[in-house]
Amino acid sequence: MRVFAADLGGTQIKLGIVETGTILCSMTLDAHSEGDLRDRLPEIERNFRDLLRQCGLSLHKIQGIGFLSTGLVDRKSNRILSTNHKFDDAAQIDFTAWAKERFDLPIKLENDAHAALLGEWKYGAGAGCDNLVMIALGTGIGTSVLIQGKPLRGKNGQAGLLGGHLMMDPSGRSCTCPSRGCPEALASTWALPMMLRDRPECRSSPWAQDGAVDFRSLFQWADRQDAQAQKILNYSLRIWGAVAVSMIHLFAPDKIVLGGGIMRSAERILPFIQEWVNRHAWISWNGVEVVSAQHLTSAGLLGAEILFHEDIEYI
């Protein structure tokens, strides 16, 4: 099946035309997620049509639209329920009507981490594994779960999704969700400025003065032996390890796939998380393999096409 795919992240919007595990063409836009999504829909439409021209396709060759969002999504009603302070108007948009009016196509909505798991399960690092956990490390921390070959959703699509919002420290930093001390609030890209704010000793660090407060620069300065960058990085790694162990205790996977933009530093992250899991997870089976996603930033686009597969049974 050939579909339009849109992945609305907190930092970037990724658009593509996807056909059965292949991204035929794609583009990336700045998200500006502090604004309204309704204002971005004409641009998304225009870029979908540009992608058609790039691929030499006509609209009647497209079978549907897979539309992915952060936050809580009801895939059954095709509604975004809550975006956690990104595109705050998204819950008021009738996406089914938009897709019908602008393209005369069906649309299917899903959370971005859920879609990323589908993409890696069918076409990536999770292929052949029927008990799988996806942890996406990026602007936030998203999770998704596959149990005995069935994607976990629950009655409202939320089951298995909020591994980044497990309360790890009840007295910790407030999160963008109603809780506090969540992994996202402690060790995600959006939390890095707060991590600096709460650690005055880090402000003189070369990393803090670099102008790019993100994990890419944090890894670079940690490799240059910046002591404060190393301190924050080691703390972040422990938080991500704790998420992995918690997901193992909850869902008993055979494999954990780590995805998202932060995993561009997989050579540093994977050995640490695997060792952390080996040391701290209570496992009664043959162990859990921790691997990097094959499609670090495009697994969601691949998963958007899988939303139209009628043979997938959800639980």
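Q: Which residues of helix α2 are exposed?
A: Lys100 and Glu101 are exposed on one side of α2. Exposed means over 50% relative accessible area, buried means under 20%, and partly exposed lies in between, with a 1.4 Å probe and protein chains only. Helices (H or I, at least four residues) and strands (E, at least two) are DSSP runs, numbered from the N terminus.

Q: What kind of model is this, and how are residues numbered?
A: The model is predicted: local features need pLDDT of at least 70 and side-chain atom pairs count only at pLDDT 80 or more, while totals for chains, interfaces and linings use all residues. Residues are numbered from 1 along each chain as its sequence is written, and side-chain values use heavy atoms, with hydrogens and water left out.

Q: Back to α2, then. Which of its residues are buried?
A: In α2 (residues 95-103), the buried residues are Phe95, Trp98, Ala99 and Phe103. They lie on the same side of α2, because they cover an arc of only 95° around the axis. The arc is taken from the directions from the helix axis to the C-beta atoms.

Q: Why do residues three or four places apart point the same way?
A: An α-helix has 3.6 residues a turn, so residues at that spacing point the same way.

Q: What covers the buried residues of α2?
A: The covering elements include β1, α1, β4, β6 (79-82) and β7.

Q: Now the sheet. What is the order of its strands?
A: Five strands form an open sheet in the order β3-β2-β1-β4-β7, with mixed pairing. Two strands pair if DSSP finds at least two bridges between them. β3 (22-30) and β7 (107-111) stand at the edges with a single partner strand each, so one side of each has no neighbour in the sheet.

Q: How many bridges join β4 to β7?
A: Five bridges join β4 (residues 64-69) to β7, and these strands run parallel. Within this pairing, phenylalanine 67 has leucine 109 of β7 as its bridge partner.

Q: Which residues have the most contacts inside the largest nonpolar core?
A: They are Ile135, Trp240, Ile269 and Val277, in a core of 42 residues. A nonpolar core is a set of buried Ala, Val, Leu, Ile, Met, Phe, Trp, Tyr and Cys residues joined through side-chain atoms within 4.5 Å.

Q: Which helix supplies the largest share of this core?
A: α7 does, with 12 residues.

Q: What does isoleucine 135 contact?
A: Leaving aside neighbours within four places in sequence, its contacts (heavy atoms within 4.5 Å) include Ile141, Val243, Met247 and Leu258.
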